[in-house]
Amino acid sequence: MHGGSPVDMRRRHASAACPCPPPHAAGAPPGFLGHPLFAAAAAACIVAACIVVYSKVRRSRKGGRATAVATAPPPPGRGGGWWWAAVETLSFVAANGSGRGFYHFVHARHRRYGGPCFRAPLFGATHVFVSSPGAARHLLSDAGFAKRYVRTVADLLGEHSLLCAASHARHRALRRAIAPLFAAAPTAAFAAAFDALTRRLMREWSSRHSSASPPAAVVVLDAALGITFDAICDMLVCTLPRGKKAQLQRDVLAVTQAMLAFPLRLPGTRFYRGLQARKRIMDVLRQEIASRRRENNGSHQHPRNKDFLQSLLDRSQSDSGECEEQEEEALTDEQILDNILTLIIAGQVTTATAITWMVKYLADNRDIQETLRSVQLELASNKHHDSPLTLQHLNTMDFAYKVVKESLRMATIVSWFPRVALEDCQVAGFHIKKGWIVNVDARSLHYDPTVYDNPTVFDPSRFDKDIKPYSFLVFGAGGRTCLGMNLAKIMMLIFLHRLVTTFRWEMADDDPSLEKWAMFPRLKNGCPIRPGAEPGFGHRGGQADKEKKPWF
């Protein structure tokens, strides 16, 4: 019998119990399953399998969406044949040339098709009009749509206009370049300048009132166009001589009147007159740019009165190294020209039109006018009696701001916001083809009784509570929200405060007809009123006065 120590016996027992070493035992060669190449190959196979499964699921989902889009019905309305395209386009132009305004065309088709969505061939493209908060959210925030105005608007504003920038990247670049105009300091200076212009206007009206019996009528639209143009023009191009400014204002009006005209480039047509007016505007601005460059002579010395045009020129004249360090992109001369024109139209014409409607609504609703007057007089006596208004003063005007918002809702100066579909898709349950122009119908949305209670009643108190998202679209929404909306609110608040604390007024002419050929709907008579310093017109307020039919 072989003997041995206890240690040797324990070693022999362990060896018998484990006849082969574990795969990764020290000093032993690795087996096949533990080889590094096997682990890498296994991982690659798993990744490849995941990619295949994901691709199949994605194709299945995409196919499902494509099937859903393809099976969805098209919006109700006329087809795209040349005959219907001619009929509908001529009907649209005829409505714009009547006293009912171009929106009468849209409103009539909403009634005809009985829903929130319809289509019509206009100016060589298929237009779809849709009005619901859900559809507005989809269209105004989805990258699958690009902005697209009718060709006449793009031709008159220019291909470099911020409003006509189709691609999102181009729009963002232009927006960054223009955004400094609306910073805090320029905005405060603009408010002070506009307040001075408005106070001067009120003094002129007071002088007329004291020298005439009965009080002489004044046309609100003409006055509002004048002071908004002076304020915007001085902010953008402050060195234009008076004669050039007057011609510029007339040419801007001709451009806006041609925006929805039939695109005939024949002498004597409105569109041709608009193109000629644009040419004159561009010539004036080019001369101004050339004159400033001659004066500066490349020295980068700023003129005494630096306006927005000069800031754009300074940036464009910087060397490439400086431009790379700047957050805002330098603009070319053509971009500057197109966007100066765009800013004048967006800042002057739309705001003056909104002011006009606001004055009319308050003339028609004397109880609200009186309530507003008492609130504003109390604010004036406590904080800024006969002193320049500041942004801080405006921030205290809560009820006046609700009046402004309700005026903007009822007037809806920009009736719809156009977007072009970049691919076949579905909107509001309808099939939309690539290239169709889908318009967010803001006016129909603002008068939707499922969104606003008693939408035809002028009621600022409706804004005491929050409204549904994408149901108040006076300045658009999403990434293309109007850059100048704060300036518009400032001008409306200042004009409203100065008017209501100086006069009581009533309409001198109640004709509801709209101005023909106007891009933005406004009264043909320009809203003539009789301002009076004393309460002598009699109270016509009450619910009966507040109930008004939509002017469309």
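Because the model is predicted, local features were considered at a pLDDT of at least 70 and side-chain atom pairs at pLDDT 80 or more, whereas totals for chains, interfaces and linings use all residues. Residues are numbered from 1 along each chain as its sequence is written, and side-chain values rest on heavy atoms, with hydrogens and water left out.

The loop between helix H10 (242–258) and helix H11 (270–296) holds Leu264, where helices (H or I, at least four residues) and strands (E, at least two) are DSSP runs numbered from the N terminus. Leu264 is partly exposed, at a relative accessible area of 38%; in this scheme buried means under 20% relative accessible area, exposed means over 50%, and partly exposed lies in between, with a 1.4 Å probe and protein chains only. Together with Leu90, Phe262 and Leu266, Leu264 makes a nonpolar surface patch of about 360 Å². Such patches consist of residues with over 30% relative accessible area and no salt bridge, in which like charges are joined within 9 Å and nonpolar side chains (Val, Leu, Ile, Met, Phe, Trp, Tyr) within 5 Å. The accessible areas come from the Shrake-Rupley method with a 1.4 Å probe, and for residues only the protein chains shown count as cover.

Thr269 is found in the loop between H10 and H11, and with 19% relative accessibility Thr269 counts as buried. A polar atom of the Thr269 side chain lies 2.7 Å from the backbone oxygen of Leu266. A polar contact is defined as a pair of N or O atoms within 3.5 Å; within protein, one atom must be able to donate a hydrogen and the other to accept it, and residues adjacent in sequence count only if both atoms are side-chain atoms.

A search of the whole structure gave 25 salt bridges, each being a side-chain nitrogen of Lys or Arg within 4 Å of a carboxyl oxygen of Asp or Glu. In one of them, Arg265 is joined to Asp155, with the closest N and O atoms 3.1 Å apart. This pair links distant parts of the chain, since Arg265 lies in the loop between H10 and H11 while Asp155 lies in helix H6 (residues 151–157), 110 residues apart. Arg265 is exposed, with a relative accessible area of 52%, whereas Asp155 counts as buried at 19% relative accessibility.

Other salt bridges lie within a single helix. Lys279 and Asp283, both in helix H11, are 4 residues apart, about one turn of the helix, and their closest N and O atoms are 3.5 Å apart. Lys279 is partly exposed at 47% relative accessibility, and Asp283 is partly exposed at 30%. In helix H14 (residues 333–364), Lys360 and Asp364 are likewise 4 residues apart, about one turn of the helix. Salt bridges that share partners also join Lys279, Asp283, Arg286 and Glu334 into one network. For the salt bridge of Lys360 with Asp364, the closest N and O atoms are 3.0 Å apart; Lys360 is buried, with a relative accessible area of 12%, and Asp364 is buried at 7%.

A pair of aromatic rings is described by the distance of the centres and the angle of the planes. The search of the whole structure found 15 aromatic pairs. The rings of Tyr113 and Phe118 form a stacked pair, because their centres are 6.1 Å apart and their planes stand at 25 degrees. Rings of Phe, Tyr and Trp (its six-membered ring) pair if their centres lie within 6.5 Å, and planes under 30 degrees apart count as stacked, over 60 as edge-to-face and the rest as tilted. Tyr113 is partly exposed, with a relative accessible area of 24%, while Phe118 is buried at 0%. A stacked pair is also formed by Trp357 and Tyr361, with 5.8 Å centre to centre and 25 degrees between the planes. Trp357 and Tyr361 are 4 residues apart in helix H14, about one helical turn, and both are buried.

Trp517, in the loop between strand E9 (504–507) and strand E10 (528–532), has a positive phi of about 65 degrees although it is not a glycine, and Trp517 is partly exposed at 27% relative accessible area. Cys527, found in the loop between E9 and E10, has a positive phi of about 65 degrees although it is not a glycine, and Cys527 is buried, with a relative accessible area of 0%.
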